[in-house]
Amino acid sequence: MFPDATDAEILEAIGKADTAFLAWRETSFADRAAVMRGAAGILRRDADSYARILMLEMGKLLSEAMAEVEPSAAIFDYYADNAGRLLAPERLPVADPAEGEATLVHEPLGVLLAIEPWNFPYYQIARIIAPHLSAGNTMLLKHAANVPQSAAAFEGSCSRSRPRQWRAMVTIVSRR
């Protein structure tokens, strides 16, 4: 059994994620993309290990578990390839161009909280984490209590895919 995080541990995790955010928000799309590609590569390289955790925690067949790992890696690749374009400043039409211009910009927000369900532990995490990390945010994730090993393994892949100073970009906390 994995222990629940204490209030103090949660506050510490938020603080570390905020510190990581201050550097991560200034990181180029190219460097963010390298982290996304690193996470995708780790998921693919260790697909069998990730799948076996899903078999243990959820009772999935190996083929079902493997079918969750690859799309999760593909999500990271998608944002590595497209975040710069998706988040580029966008010029908007204005009623009277003589009065000026309007531009939509996408700025990092900070530390975001994600509370995720249990049914597809890797896929659900990847689809929320990848776009937000590529946009310059950091994440605090509350995983489903019945898949703690899946969450811990996924956090490990994220941790290994990025430079040491940004290790708190994705932090998993247990709390019922």
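Buried residues make up 44% of the 176 residues in this protein. The model is a predicted one. The exercises below work through its parts.

**Exercise 1. The overall layout**

Task: State how many helices and strands the protein has, and give their order.

Solution: 
- Count the elements. There are six helices and five strands.
- Read from the N terminus. The order is α-α-α-α-β-β-β-α-β-α-β.
- Residues 24 or more positions apart account for 74% of them.
- Finish with the surface. The protein exposes about 9,400 Å². Carbon and sulfur atoms supply 58% of that area.

**Exercise 2. Helix α4**

Task: Compare the span of helix α4 with the expected value, then find where α4 bends.

Solution: 
- Locate the helix. α4 covers residues 62–86, which is 25 residues.
- Take the distance from its first C-alpha to its last. That distance is 35 Å.
- Look for the bend. α4 bends by about 40° at alanine 80.
- Check burial at that position. Ala80 is buried.
- List other buried residues of α4. Among them are Ala65, Glu68, Val69, Ser72, Ala73, Ile75 and Phe76.
- Recall the helix geometry. An α-helix has 3.6 residues a turn, so residues three or four places apart point the same way.

**Exercise 3. Aromatic pairs**

Task: Find how many aromatic pairs the protein has, and describe the geometry of each.

Solution: 
- Start with the count, taking ring centres within 6.5 Å as a pair. It comes to two aromatic pairs.
- Take tyrosine 50 and tyrosine 122. Their centres are 5.5 Å apart, with 90° between the planes. An angle over 60 degrees counts as edge-to-face, so this pair is edge-to-face.
- Tyrosine 50 lies in helix α3 (residues 47–58), and tyrosine 122 in helix α5 (residues 121–134). The pair therefore ties together parts that are 72 residues apart in sequence.
- Check burial. Tyrosine 50 and tyrosine 122 are both buried.
- Take tyrosine 78 and tyrosine 79. This pair is also edge-to-face, at 5.0 Å centre to centre and 85° between the planes.
- Tyrosine 78 is partly exposed at 38% relative accessible area. Tyrosine 79 is partly exposed at 22%.

**Exercise 4. A charge over a ring**

Task: Identify the ring that the charged end of arginine 32 sits over.

Solution: 
- Follow the side chain of arginine 32. Its charged end sits over the ring of phenylalanine 29.
- Read the distance. The charged end is 5.1 Å from the ring centre.

**Exercise 5. Leucine 92**

Solution: 
- Leucine 92 has a relative accessible area of 35%, so it is partly exposed.
- The C-alpha atoms of leucine 92 and threonine 103 are 5.5 Å apart, and the two residues are eleven apart along the chain.

**Exercise 6. Helix α5**

Solution: 
- Check the span. The 14 residues should span 20 Å, and the end C-alpha atoms are 20 Å apart.
- Name some of them. The buried set includes Pro121, Tyr122, Gln124, Ile125 and Ala126.

How values were computed: Residues are numbered from 1 along each chain as its sequence is written. This is a predicted model: local features need pLDDT of at least 70, side-chain atom pairs count only at pLDDT 80 or more; totals for chains, interfaces and linings use all residues. Side-chain values use heavy atoms; hydrogens and water are left out. Helices (H or I, at least four residues) and strands (E, at least two) are DSSP runs, numbered from the N terminus. Buried means under 20% relative accessible area, exposed over 50%, partly exposed in between (1.4 Å probe, protein chains only). Contact means heavy atoms within 4.5 Å. Accessible areas come from the Shrake-Rupley method with a 1.4 Å probe; for residues, only the protein chains shown count as cover. The expected span of a helix is 1.5 Å times one less than its number of residues. The bend at a residue is the angle between axes fitted to the seven residues ending there and the seven starting there. Rings of Phe, Tyr and Trp (its six-membered ring) pair if their centres lie within 6.5 Å; planes under 30 degrees apart count as stacked, over 60 as edge-to-face and the rest as tilted. A charge sits over a ring if NZ of Lys or CZ of Arg is within 6 Å of the ring centre and within 35 degrees of the ring normal.
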